[in-house]
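Subject: A structure for you to look at

Dear colleague,

I am handing over a structure that I would like you to open beside this message. Please keep it in view while you read the notes below it.

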Amino acid sequence: MRKTILTAAAAFVIGGIATGAVLSQAQPAPPPAAEPDGAPPPPPRPWAGWLHHDHRGPDRARLRNFALVYRQADRQLTPADVQKIAEAFLLWNGNHTWKVTDVAATSAGAIGFSLSTPEGSVVAKFTIDPHTAKLERVG
């Protein structure tokens with residue numbers, strides 16, 4: 001009985017390691033651009049995925065589920081994209097009542113939007129950088 005349990009546990013651990021290795025190598029990042037001074041980029045490190053250990057908690061581990069999607073340097077967000085992102089955020093957190101309103105580009109280049117109750121009162125105002133997707137609360 002003891003050998004059976006140990007064998008099953010070992011198989012489970014090996015399967016988990018193999019699955020993690022496959023997921024972490026799902027889509028490699030595009031090659032980096034050459035340095036401004038003309039120096040070649042550093043060589044790729046195929047073993048780097050094995051050295052990645054997740055010690056930052058369960059939220060970080062859940063984000064690895066989206067490892068198949070490479071994050072672009074310039075997000076090129078439009079007001080319609082920001083509307084979808086903000087609505088998805090509300091749904092992701094289980095809020096089916098608040099609405100995303102007042103989505104528009106600002107004079108500073110950011111895209112602003114508000115979160116409002118069904119009655120129309122504004123809960124909070126935000127801006128998001130269309131290039132970096134950095135979110136900032138402004139009200």
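Strand E2 and strand E3 (residues 122-128) pair in the antiparallel sense over six bridges, where strands (at least two residues) are DSSP runs numbered from the N terminus, and two strands pair if DSSP finds at least two bridges between them. Within this pairing, Phe126 of E3 is the bridge partner of Phe113, and in the hairpin of E2 and E3, which has five residues between the strands, Gly120 takes a positive phi near 105°.

Before you go further, note that this is a predicted model, in which local features need pLDDT of at least 70 and side-chain atom pairs count only at pLDDT 80 or more, while totals for chains, interfaces and linings use all residues. Residues are numbered from 1 along each chain as its sequence is written, and side-chain values use heavy atoms, with hydrogens and water left out.

On its other pairing, E2 runs antiparallel to E1, joined by five bridges, and Lys99 stands opposite Ser116 in E2. E1 and E2 also form a hairpin with five residues between them, and Gly109 in the turn has a positive phi of about 100°.

Is E2 buried or exposed? Six of its six residues are buried, so E2 is largely enclosed by the rest of the structure; buried means under 20% relative accessible area, exposed over 50%, and partly exposed in between, with a 1.4 Å probe and protein chains only. Ile111, Phe113 and Leu115 lie on one side, and Gly112, Ser114 and Ser116 on the other.

Ala108, in the loop between E1 (99-105) and E2 (111-116), counts as exposed because its relative accessibility is 74%.

Best wishes

Notes. Helices (H or I, at least four residues) and strands (E, at least two) are DSSP runs, numbered from the N terminus.
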